[in-house]
Amino acid sequence: MSDADLETESTPRVLGLEEVGEHPGAVGGKATGLARLRAMGLRVPDAVVLLNGRADEVPAELSTWMEKQGDTRFAVRSSALDEDGTEASFAGQYESVLNVSGREEMAAAITHCLASAQSERATAYRDERTDTNEPAPVMPLVVQRMVDARAAGVCFTADPVTNRRARLVLDSVAGLGEALVSGQASPDHDELARRNGRWEPTQLAGGAPVLANGEREQIAREAIDAETRASEPLDLEWAIDQNGTLFWLQARPITTLGLDPQTLDSVSRIPGDVFTRCNVGEMMPGAVSPLTYSNCARAIDVGFQDNMIDIGVRKERSAENVYVLMSHGHLFINLSGGARFSSAVTGGHPDQQSLAVCGRVIPEVVAAPVPSIWVRIPRIVKQVTAVLRAQPKLRRMEVLRGLGDIAVGESGLESWRHIDARMESLYEAYQLHLTVSSGAGALTPILLRILSKGEEPTDAHHAAVSRLLTGAKGVESADIAEGATRILEALVSLGDANQGFCELAVPDAVAWLNRDDSGEAGVLFRAYMSRHGHRSVRELDVRQPEWAHEPTPVVRSLQAQLRGRLKGGPQEPQAPARDNVSSRDAGANEPFRWLSRFAHAAVRNREACKSHLVACTVHFKRAYRALGAQLEREGRLPDADAVYFLTHEELGTLAGAPPGDALTEEAVARRQALAYQETLHFPEVCVGLPEPELLVFDTDENDELIVGKPVSQGKVEGIVRVVLALEDAEALEPGEILVSPITDVGWTPYFAVIAGLVTDVGSAVSHGAVVAREYGLPAVLNTRIGTRALRTGDRVLLDGDRGVVEVLERAVS
């Protein structure tokens, strides 16, 4: 009999699960799901499907089947044709009846379940979640042997909250699972990271775990097998009987599952590789857009690969990233890959790289085999020559910067082709920057090793290196703060008129500064923007507008500083008193003190090269902004900002496709996923592809000492201002101690206001450290918990010599 015949037939009929596969359109989602599980070889309690059931009636076929089951109880569940679908689950909308025994109870259960199809609750859900205005569909019923459950629960093979396909979620309660699915009981909660097979710590609802050893592993293994066979993520219900036997009670697709936030995750080809957020996390804190990943991160990786090719370690580029990878939208450096490169060239130990990137030894990074000295000698010569010849590379960077803006075509596709044609110049710029900046990066671990005599460097050693790096003149990023100070002094000289500047809206303030009647302040502002207008916070992120395009951060900084002056704040940045280095320290430092001029030159070169790299990136920022506007006008994107949520290659595909391409919806979904990705935190170092960590906040306020890395010496006592985002920095008052997750060049204008700096991440050679030293600001970076352990209003002693922040007085809550 066909599905159509079954649907039109009015006589009650009973089908075994083995017959369901022949009539998938007539038995409903629940029955189909059980039949699929049985066909997969999973253990399912005996069940039948009742079609065309009638109120207060138990068909003879059903009675016969019940008798064969012996002395047991049954569950009667709805299996409506619109139930357990991919778009609407109807979960809990229809009724189920448990522990049914005998014909009389069975007749009542059938009547109750059938009536639920017409209930007010189900009708309202159907009207809201479906497009049909038709009456309730036919209600097949599943009659299933009850499991005498010791434990029961629900298993999602993908996380229905975060949409992560690589995360399995398991909720468990003692006894029947009805209390769980109805929301009447709180379960034990387990999550499995499927990529590495690691379980998160169980979140217990009571004193002891519901599941015994090995039971959650069995549930996960069989659920994943079912998902594989079904070719889609599943929402499954299960029960374990008093003998410890696992039964599967239900399987349905997970409804309304959004875009997987790991869609663009990289793949690590070598198990056990070690990854870190250090360094790249300073440059690009938080999650990045797909376009930034395919532009900036790909360019870093290609630059690294091209250096390997030039030195003779690699033959050709890989189409996949090998050094900068992405997980959950966050970028990571492959320390193991870097260590293999170092071993292949210099034979250097991984500890050298760890100190340069992370500021500490990472023991998880395993040393790679070292080639013979005869293989390494020509490689060493090439690498050393490349690092020492920084000036020709800086001149080449000037040439690449001088290529200017990328042409905008007559169509989106033509514009994309212009961008694509320029991409190799960006790869070259990153290769040059990696080489030039490696000079500064290499000196820090060398100096630390000399000072520590080969042992693990202490905070005192880090402080000594930071003192050595202090005093470099002509550093590009330092001039960002100094230039802002010159504008501020010109604004102060306006006298009574400066109050009006503070009260202007940002667009009006910019317009005034660009007019001749703004006097010296305007002249200095225009010169400042000419020199530094390509900079910004997260300045290598193509979605982040440069100051020349969006000067709001600069203007708000000037207004905040000017308000501070009007309140009687300091007239100029004051360098804190410094402890003199003892003669013994000086003597100990003498063997490497002559390296200071090389260190200073390396820092200057790195900062100058970074400025050129940012300017090259701005060419792409402007081009992608224009491309986004074109694709919006052409009907290929809903708005210009959506351009950042496709990769460079996907944009080429979209630009050549008819409007309405699937990539349009993909871009919108990725933008929604970014909001979730931004909430994630990761360990500083991860073995294997990184997984987010569950943050455990320390609420013990007796822990009054925060330890980090001393990067700029001096001590200062002051009031804390925790600033999580640059747009909130205008609240800074003169003399406060800035505590932030990270500072990059975009924060520099505020360095003229603050008295000290504390960050969650950072190192002695990061941009924040360089500028802090030039301003004489005590700074402790890489505290990891600064923004969580400190609160705005706390009075602290910041010790930039020892790398500690001591809480003297807590702010009143």
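Mentor: A residue is called buried under 20% relative accessible area, exposed over 50%, and partly exposed in between, with a 1.4 Å probe and protein chains only. Strands (E, at least two residues) are DSSP runs, numbered from the N terminus, as are helices (H or I, at least four residues). The model is predicted: local features need pLDDT of at least 70, side-chain atom pairs count only at pLDDT 80 or more, and totals for chains, interfaces and linings use all residues. Residues are numbered from 1 along each chain as its sequence is written, and side-chain values use heavy atoms, with hydrogens and water left out.

The part to examine is strand β2, residues 47-51. Five of its five residues are buried, so β2 is largely enclosed by the rest of the structure. Cover is found on both faces: Ala-47, Val-49 and Leu-51 are buried on one side, and Val-48 and Leu-50 on the other.

Next come the neighbouring strands, where pairing requires that DSSP finds at least two bridges between two strands. Strand β1 (residues 13-16) runs antiparallel to β2 and is joined to it by four bridges. Within this pairing, Leu-50 of β2 is the bridge partner of Val-14. Strand β5 (residues 141-145) also pairs with β2 in the antiparallel sense, over four bridges. Here Val-48 stands opposite Val-143 of β5.
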